[in-house]
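Subject: Structure handover

Hi,

Here is the structure I promised to pass on. Please open it first; my notes on what I found follow below.

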Amino acid sequence: MDVVEELVAKAGGCAVIDGGFATQLEALGADINDPLWSAACLIAKPHLVKEVHMQYLEAGADIIISSSYQATIPGFLARGMTLDEAEGLLRTSVKLALEARDEFWKSTLRKSKPIYNRALVAASIGSYGAYLADGSEYSGSYGADITTEKLKDFHRRRLQVLAGAGPDLIAFEAIPNKMEAQALVELLEEENIQVPSWICFSSVDGKHLCSGESFADCLQILNASEKVSIVGVNCTPPQFIEGIICELRKQTKKAIAVYPNSGEIWDGRAKRWLSAECLGHKSFDALAKRWQEAGATLIGGCCRTTPSTIRAVSKILKGRTGH
Ligand SMILES: C[S+](C)CC[C@H](N)C(=O)O
Ligand SMILES: N[C@@H](CCS)C(=O)O
Ligand SMILES: [Zn+2]
């Protein structure tokens, strides 16, 4: 059994992923209206980064995702940092998550009836579109000049540094198009990355990737790689998730992860979330139960979900929760 299968089994068949990392940072008072988005806190407020991880662990997350979603070497260089400093901040994002995991685990071992699993740390890698910070992680439109090779060059060094920092997993998040999926799979092979990875797509219609390309085509690419242990979707409206799981089930034997957003819509220009009616009478946790029944084995939340969302998800999936 690999680390993920082991965790899923220990969690009773479905592991809980944390919720919106940036969302909770903002709730703690961080200003992330910045080209680096949540990664700006790695520079300004690393203690808040660790605090958010702790809150999700307490809520019952079995997997916490590092603060590196929009932490990129060119992004840090543009901030006036040296290459060494930029790479150091990437390592710091994994270190803060590992420290939170280890401290939390130590504290739960002291309790007479441990109700938690030892969590795994996933190093986040956002899409090229996240770095562009122009809303293209929800359109998949990277312009006419982009190529698979350019995307590989963009991702290569960050992947090497994060994989070397000791995470349990690599989490490629909100990948909006097929070219980027292809680039990531090639890169994992070329760099012979030994840390198991997940690749999660974003969708705005529940039927295709954000780019309009089909899940089936992308899954074919992912299925061909042993470096990809888990596939799925994140930062996608919750009402689409059950249908996407059914589609993914047809296309792959790999484990399926889903961690949707709240259903609100990101306005990439105004840089704010627009409200949208989407859940109907269903709560996020009630839907999570259906995602489990549909075949997802890793379930959590993305943007605009919070520790209380994850507490409810953990309770409904495992019949238990944090305090
Ligand atoms: C997942 S989106 C809300 C992240 C923020 C976006 N890449 C931006 O910087 O505008
Ligand atoms: N792990 C990232 C995903 C953004 S889509 C975050 O929650 O900030
Ligand atoms: Zn998100």
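Start with ligand 1. Around ligand 1 stand Trp 37, Tyr 69, Gln 70, Ala 130, Ala 133, Glu 137, Tyr 138, Trp 266, Lys 271 and Trp 273. A residue counts as near a molecule when one of its heavy atoms lies within 4 Å of it.

Two notes on conventions. This is a predicted model, where local features need pLDDT of at least 70, side-chain atom pairs count only at pLDDT 80 or more, and totals for chains, interfaces and linings use all residues. Residues are numbered from 1 along each chain as its sequence is written, chains are lettered from A and ligands numbered from 1 in the order written, and side-chain values use heavy atoms, leaving out hydrogens and water.

Polar contacts of ligand 1 come next (pairs of N or O atoms within 3.5 Å; within protein, one must be able to donate a hydrogen and the other to accept it, and residues adjacent in sequence count only if both atoms are side-chain atoms).
- Gln 70 places a polar side-chain atom 2.6 Å from an oxygen atom of ligand 1.
- Ala 130 has a polar backbone atom 3.4 Å from a nitrogen atom of ligand 1.
- Lys 271 has a side-chain N or O atom 2.6 Å from an oxygen atom of ligand 1.

Taken alone, ligand 1 exposes 330 Å², and the protein buries 99% of that. Areas are Shrake-Rupley values with a 1.4 Å probe; for residues, only the protein chains shown count as cover.

By class, the shell of ligand 1 holds 7 nonpolar, 1 polar and 2 charged residues. Nonpolar covers Ala, Val, Leu, Ile, Met, Phe, Trp, Tyr, Cys and Pro; charged covers Asp, Glu, Lys and Arg; the others, Gly among them, are polar.

Phi of Ala 133 is near 55 degrees, a positive value in a residue other than glycine. Ala 133 lies in the loop between helix H7 (128–132) and helix H8 (148–164). Helices (H or I, at least four residues) and strands (E, at least two) are DSSP runs, numbered from the N terminus.

Now ligand 2. Its surroundings are Gly 20, Phe 21, Ala 22, Trp 37, Tyr 69, Glu 173, Cys 235, Cys 302 and Cys 303.
- An oxygen atom of ligand 2 is 2.9 Å from a polar backbone atom of Phe 21.
- An oxygen atom of ligand 2 is 3.2 Å from a polar backbone atom of Ala 22.
- Glu 173 has a side-chain N or O atom 2.9 Å from a nitrogen atom of ligand 2.

On its own, ligand 2 exposes 270 Å², of which the protein buries 97%. The shell of ligand 2 has 7 nonpolar, 1 polar and 1 charged residues.

Cys 235 also has a positive phi, near 45 degrees. Cys 235 sits in the loop between strand E6 (228–234) and helix H11 (241–251).

Last, the strand that carries Glu 173. Glu 173 in E4 stands opposite Gly 126. Strands E3 (residues 120–126) and E4 (residues 169–175) run parallel, joined by 5 bridges. Pairing takes at least two DSSP bridges between two strands.

Best wishes
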